[in-house]
Amino acid sequence: MPNALINESSPYLLQHAHNPVNWYPWGEEALEKARIENKLILVSIGYAACHWCHVMERESFENEAVARVMNEHFVCIKVDREERPDVDKIYMDAVMLMTQRGGWPLNAIALPDRRPIYGGTYFPKDQWISVLQQVQELYENQPQRAIEVADNLVGAMNSMDQVVVSRDTSGLSEDEIDQVLEDWMAQVDFKWGGRAVSANKFPLPANNLFLLRAAYFTGHPKVAEAVTVTLEKMAFGGIFDQIGGGFARYSVDPYWKVPHFEKMLYDNGQLVSLYAEAWQLEPKDLYREVVYRTLDFVQRELTSPEGGFYSSLDADSEGVEGKYYLWDYEEFEYALDEDTKLFADYYNANPMGNWEGRNILFTLETESQFAFRWKLDEKAFKAKMAECRQKLLAVREKRVHPGLDDKILTSWNALMLKGYVDAYRVFGEERFLEAALSNANFIFDKMTEGGKLYRNYKEGKRTISGFLDDYALVIEAYIALYQVTFDGKWLSQAQLHTAYVSAHFFDRHTAMFFYTSDEEEVLVRRKKETQDDVIPSSNAVMAHNLHALGLLYGEPEYLRQLKQMAANMKESFIESSAWHAYWGLLALKEVFPFYEIAITGEKVHDFRRKMQGYYHPGRIFAGSAEEVNLPLLEGRFQEGTWLYVCEEGVCQLPVSTVEEALAQME
C-alpha cells in the first residue's frame with residue numbers, strides 16, 4: 001500500500017511512496033500528528049539524483065523490520081531538499097553542529113515542536129536501528145534532557161548566521177583585494193586546478209568567476225593562471241561528459257577524473273556563464289566548445305516541452321552508479337572500427353579499463369595540442385573526434401538512461417536562463433537567445449503571480465512559495481536578459497520582484513534579507529543565507545541586483561542598502577573569501593571603475609552587440625530605439641545613434657562610435 005507521499009509531485013518523494021515506512025510530506029498533517037501523539041519527528045532529507053539516498057532506502061526504508069521501529073516511535077517525514085531548502089538548511093545546520101560534517105541523505109530527529117535533538121547523514125541498517133532506539137529511549141525516560149539538548153542546539157544555531165551591522169560603509173580597498181588574492185593563491189592546486197587541499201573537487205563557479213574578474217582588474221598573473229588551469233582541467237576531466245556534454249556535480253579525486261555521476265541543472269547553468277565569460281577574456285576554442293556542448297546537453301536532456309528546465313539526472317542507472325557513462329573497450333571497437341586506437345589514445349581508454357575495469361573518458365590536452373604532438377592534420381583530427389563522439393552518443397542513447405528528476409525549480413531555471421543569456425551575449429548565437437526567451441516566458445507565465453514567485457512546477461501545478469534564492473536569481477537573470485534585448489518587460493518584472501522581496505523578506509535591523517518570506521511558516525528559526533555554497537548566497541545576489549536596479553532606475557535607497565550589506569559582510573569576505581566569492585564580485589564593483597552604458601537611437605542593437613563584444617566586467621547596459629521611461633535614458637535621445645558612458649548617473653559627452661565610448665572608459 002502506498003504511503004502519504006503518493007500524491008506528491010517530487011520524483012524523490014515518489015521514489016519512497018511505496019516504502020513500508022509511513023512517510024508523510026513536510027506539512028501541517030504530519031506536524032499536527034506529532035504534537036497530538038507527542039511523538040518525535042524523524043526528518044529524512046535527500047534528492048532524486050543522490051546515490052547514497054538510494055542506498056539507505058534499499059537497506060533501511062524498504063526493510064519491514066526497520067519500518068516497524070520507525071512507524072511505532074516516530075512521525076516520519078520525507079523532504080526533497082531541492083523543493084524545501086528552507087527545511088534542509090535548518091536541519092543541516094543542526095547536523096553540522098552535532099557531527100562537524102554534512103551531506104545527503106540527511107537524517108534528523110526532532111521534538112514534536114520541530115526542534116532537532118539528533119542527526120547524521122547515511123547510516124547502515126543496524127546502526128540506524130540502534131540510533132532510533134537510543135533516541136526514543138532518551139525521550140521516553142529523560143524528556144527533560146532531550147529538551148535541554150534542543151535548547152542548546154537551537155541556541156547554537158541562532159548564533160551561526162548572525163549578521164553584525166557595520167558602521168563603516170566605506171568598502172574594501174584595492175590593497176585588501178590584493179591580500180585576499182595572495183591568501184587565496186596559497187590554496188590553489190596549480191597543477192590540476194581547484195583547491196590544493198581537496199581530496200575531491202567541486203567546480204564552484206562563483207569562486208572562479210571572482211578570480212577571473214579579479215585577474216582582469218588587477219593584472220595578477222597567478223590569479224589568471226589559477227582560473228586557466230582550473231577551467232582547462234575540468235574540461236579535460238571525466239567530470240565533463242566527453243560524449244554528451246555537461247558537467248557532473250563533482251569529482252571524487254583531485255584530478256577531475258572520476259565524477260560523482262549525477263548531473264545538476266544548477267552547475268551547468270553557472271558553468272556555461274563562466275566558460276562564456278572566460279572565452280571573452282581569452283578566446284580559447286576549448287571554452288567555446290564547453291559552452292556549446294553543455295547547452296546541447298541541456299537542450300537534449302533537461303528541457304521541457306513548455307520551455308522549463310528539469311532539475312537533474314541521477315548518478316545511477318540500473319542500480320549501478322555511473323553505469324550509463326562507462327565504457328568497455330570492445331564497445332569502441334564495435335562502434336568506431338579503425339578509429340578506435342586514435343580515439344582511445346586521446347581519451348586515455350584501454351582494454352583493461354582505466355577505472356574499476358571499465359573506461360571513464362578524459363583527456364590531458366586539447367585536440368589541437370594532441371594533433372600537433374602526433375603530427376596530425378588538426379582540422380581533420382577535430383572532425384574525426386566529433387564524428388566518433390556522435391557515434392558513441394548514438395550507442396549510449398540505447399542504454400537504460402539515468403533517472404530524470406523532472407520537477408522544475410525556479411532558482412535553478414534562473415541560473416540556466418542566465419547561462420543562455422551569457423552565451424548569446426558572447427557568441428551571438430540566435431538559438432541561445434530563443435531558448436532564453438522561451439524559459440523567461442515560462443517563468444513569467446507559470447511561476448509568477450504579480451510580484452510573487454513560486455518555487456516549483458510540475459504537470460501544471462505549483463505548490464511551494466518561492467524562497468529568497470528564487471527571487472534573487474530570477475531578478476539577476478531578468479536584468480541580464482534586458483541587457484541583450486532592451487525589452488523593458490524584463491526590467492519592470494525584476495523591479496516588481498525586488499519590491500516584493502523588500503516588503504516580505506527584508507530585515508530592517510541588519511539591512512539584509514531573510515531566506516523565507518514573512519507570509520510563510522516560521523520553522524525552528526528564520527535564517528539568513530550569507531555564505532556561498534555551490535549556488536551563490538541569495539543575499540549577495542540581491543546586493544548585486546540592488547546595485548544594477550539602483551543605477552538603472554536612479555534609486556539611491558537601493559545603493560545605500562547594498563553598501564550596508566557589503567559592509568556587513570566585509571570581514572567575512574576577507575577571512576573566508578572562498579565561501580563569500582559573490583560578495584567579492586560586489587567588492588570589485590566598488591573598488592574598480594563601474595560604468596553604465598546608455599545607447600539610444602535606431603542602431604541601438606548594432607552598437608550594443610559591438611560594445612558587448614569587448615570584455616569588461618564592470619559595466620551595465622540600457623538602451624532603446626525610442627523614448628522610454630527609464631531614468632538612465634531620459635533626455636538622451638537625439639537624431640542618430642549615441643552612446644553615453646556614465647558613472648552613478650553622471651555621464652560624459654555622448655559619442656557616436658563604440659571606439660570613442662571605449663576610449664572614455666579607459
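Biologist: Hi! Which order do the five strands of the open sheet take, and what is the pairing?
Modeller: The order is β1-β3-β2-β4-β5, and the pairing is mixed. Two strands pair if DSSP finds at least two bridges between them. Strands are DSSP runs of E with at least two residues, helices are runs of H or I with at least four, and both are numbered from the N terminus.

Biologist: Which are the edge strands there?
Modeller: They are β1 (24-25) and β5 (116-120), each pairing on one side only.

Biologist: Before I go on, what sort of model is this?
Modeller: This is a predicted model, where local features need pLDDT of at least 70, side-chain atom pairs count only at pLDDT 80 or more, and totals for chains, interfaces and linings use all residues. Residues are numbered from 1 along each chain as its sequence is written, and side-chain values use heavy atoms, with hydrogens and water left out.

Biologist: Thanks. How many bridges join β2 to β4?
Modeller: Five, and the two strands run antiparallel; β2 covers residues 40-46 and β4 covers residues 106-110. Within that pairing, I41 stands opposite A110 of β4.

Biologist: Which strands does helix α5 lie across?
Modeller: Helix α5 (residues 85-99) lies across β2, β3 (74-80), β4 and β5, and runs at about 80° to β5. Contact means heavy atoms within 4.5 Å. The axes are lines fitted to C-alpha atoms, for helices over the stretch in contact, and angles run from 0 to 180 degrees between N-to-C directions.

Biologist: New topic: where does the charged end of K78 sit?
Modeller: Over the ring of W23, 5.1 Å from its centre. To count, NZ of Lys or CZ of Arg must be within 6 Å of the ring centre and within 35 degrees of the ring normal. K233 has its charged end over the ring of W192, 5.2 Å from the centre.

Biologist: And how many aromatic pairs does a search of the whole structure find?
Modeller: It finds 42. Rings of Phe, Tyr and Trp (its six-membered ring) pair if their centres lie within 6.5 Å; planes under 30 degrees apart count as stacked, over 60 as edge-to-face and the rest as tilted.

Biologist: Why is the pair of Y324 and Y325 edge-to-face?
Modeller: Their planes are at 90°, with the ring centres 5.1 Å apart, so the pair counts as edge-to-face.

Biologist: Is Y324 buried or exposed?
Modeller: Y324 counts as buried at 1% relative accessibility, and Y325 is buried too, with a relative accessible area of 10%. Buried means under 20% relative accessible area, exposed over 50%, and partly exposed in between (1.4 Å probe, protein chains only).

Biologist: What about F370 and F381?
Modeller: That aromatic pair is stacked, 5.0 Å centre to centre with 20° between the planes. F370 lies in helix α15 (residues 367-373) and F381 in helix α16 (residues 378-397), so the pair ties together parts that are 11 residues apart in sequence. Both F370 and F381 are buried.

Biologist: Which residues form one aromatic cluster with them?
Modeller: The cluster is formed by W327, Y329, F332, F343, Y346, Y347, F370, W374 and F381.

Biologist: Last one: how do β19 and β21 pair?
Modeller: In the antiparallel sense over five bridges, with β19 at residues 595-600 and β21 at residues 642-647. A598 stands opposite Y644 in β21.

Biologist: And what is the bridge partner of C646 in β22?
Modeller: C651. Strand β22 (residues 650-651) pairs with β21 in the antiparallel sense over two bridges. Their hairpin has two residues between the strands, and E648 takes a positive phi near 50° there.
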